[in-house]
Amino acid sequence: MSRTPLHPTREQIELPMVLDCLSDPIRLAIVYQLAQQERVSSELCCGDFNGLAGKSNLAYHFAKLRECGVMQTRVAGTNRFMRLRREDLDARFPGLLDAVIKSAARDAERLQLLPEGEVVAAD
């Protein structure tokens, strides 16, 4: 049995699913943090998001982001590393991810996101 989570192919990523997924504040915060982290490292692990919600709640949100094609999860031992599927999303929906992140940055305080320019320390 493979522990690699299933991800949709680039062609299977659908706009309604992506937009629905990004309408949740916690999932939007996860995407925003992943985007901020891209400057330092392309991946974050599950524990980097513990301030957003409980573990089981985060697992649910990670699965939703993965299933709609926004995020890719890589399993390494007991760790799961997440990164944005920026290349795939930009190919399917040019400018969408940047627009979402820019909008989230404007509302960062209300959404309780990291301030712009502040990134999670890479391990």
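## Helices α2 and α3

In this predicted model, the axes of helix α2 and helix α3 (residues 55-68) come within 10 Å and cross at roughly 70 degrees. Axes here are lines fitted to C-alpha atoms, for helices over the stretch in contact, and the angles run from 0 to 180 degrees between N-to-C directions. Helices (H or I, at least four residues) and strands (E, at least two) are DSSP runs, numbered from the N terminus. The two helices α2 and α3 are therefore roughly perpendicular to each other; angles of 65 to 115 degrees count as roughly perpendicular, those under 35 as roughly parallel, those over 145 as roughly antiparallel and the rest as oblique.

On the side of α2, the contact is made by Ile 26, Arg 27, Ile 30 and Val 31. On the side of α3, Asn 57, Leu 58, Tyr 60, His 61, Phe 62, Lys 64 and Leu 65 take part. Contact means heavy atoms within 4.5 Å. By class, the residues of the contact of α2 with α3 are 7 nonpolar, 2 polar and 2 charged. Ala, Val, Leu, Ile, Met, Phe, Trp, Tyr, Cys and Pro count as nonpolar, Asp, Glu, Lys and Arg as charged, and the others, Gly among them, as polar.

## How the model is read

Residues are numbered from 1 along each chain as its sequence is written, and side-chain values use heavy atoms, with hydrogens and water left out. Because the model is predicted, local features need pLDDT of at least 70 and side-chain atom pairs count only at pLDDT 80 or more, while totals for chains, interfaces and linings use all residues.

## The chain as a whole

The chain has 6 helices and 3 strands. Read from the N terminus, its elements run α-α-β-α-β-β-α-α-α. Of its 123 residues, 40% count as buried; buried means under 20% relative accessible area, exposed over 50%, and partly exposed in between (1.4 Å probe, protein chains only). Among contacts between residues at least 6 apart in sequence, 69% join residues at least 24 apart.

## Helices α2 and α5

Helix α2 (residues 25-37) also has a contact with helix α5 (residues 96-106): their axes come within 10 Å and cross at roughly 105 degrees. That makes α2 roughly perpendicular to α5. In α2, the residues Leu 28, Val 31, Tyr 32 and Ala 35 meet Leu 97, Val 100, Ile 101, Ala 104 and Ala 105 in α5. The contact of α2 with α5 has 9 nonpolar, no polar and no charged residues.

## The sheet

The 3 strands form an open sheet in the order β1-β3-β2, with antiparallel pairing. Two strands pair if DSSP finds at least two bridges between them. The edge strands are β1 (44-45) and β2, each of which pairs on one side only. Helix α2 packs on this sheet and touches β1, β2 and β3; its direction makes about 80 degrees with that of β3.

Strand β2 (residues 71-76) and strand β3 (residues 79-84) run antiparallel and are joined by 6 bridges. They form a hairpin with 2 residues between them, and Gly 77 in the turn has a positive phi of about 65 degrees. Ala 76 stands opposite Asn 79 in β3.

## The cysteines

How many disulfides does a search of the whole structure find? The search finds 0. A disulfide is a covalent bond between the sulfur atoms of two cysteines; here the test is a pair of cysteine sulfur atoms within 2.5 Å. Cys 21 is in no disulfide, and the nearest cysteine sulfur, that of Cys 68, is 3.6 Å away. Cys 68 is likewise in no disulfide. Cys 21 counts as buried because its relative accessibility is 3%, and Cys 68 counts as buried at 5%.

Glu 67 lies in helix α3 and counts as partly exposed, at 49% relative accessibility. Glu 67 and Pro 5 are 62 residues apart in sequence, and their C-alpha atoms are 9.2 Å apart in space.

Asp 88 is in helix α4 (residues 86-92). At 16% relative accessibility, Asp 88 counts as buried. Not counting residues up to four places away in sequence, Asp 88 touches Arg 10 and Ile 13. Asp 88 and Thr 9 are 79 residues apart in sequence and 8.6 Å apart in space, C-alpha to C-alpha.
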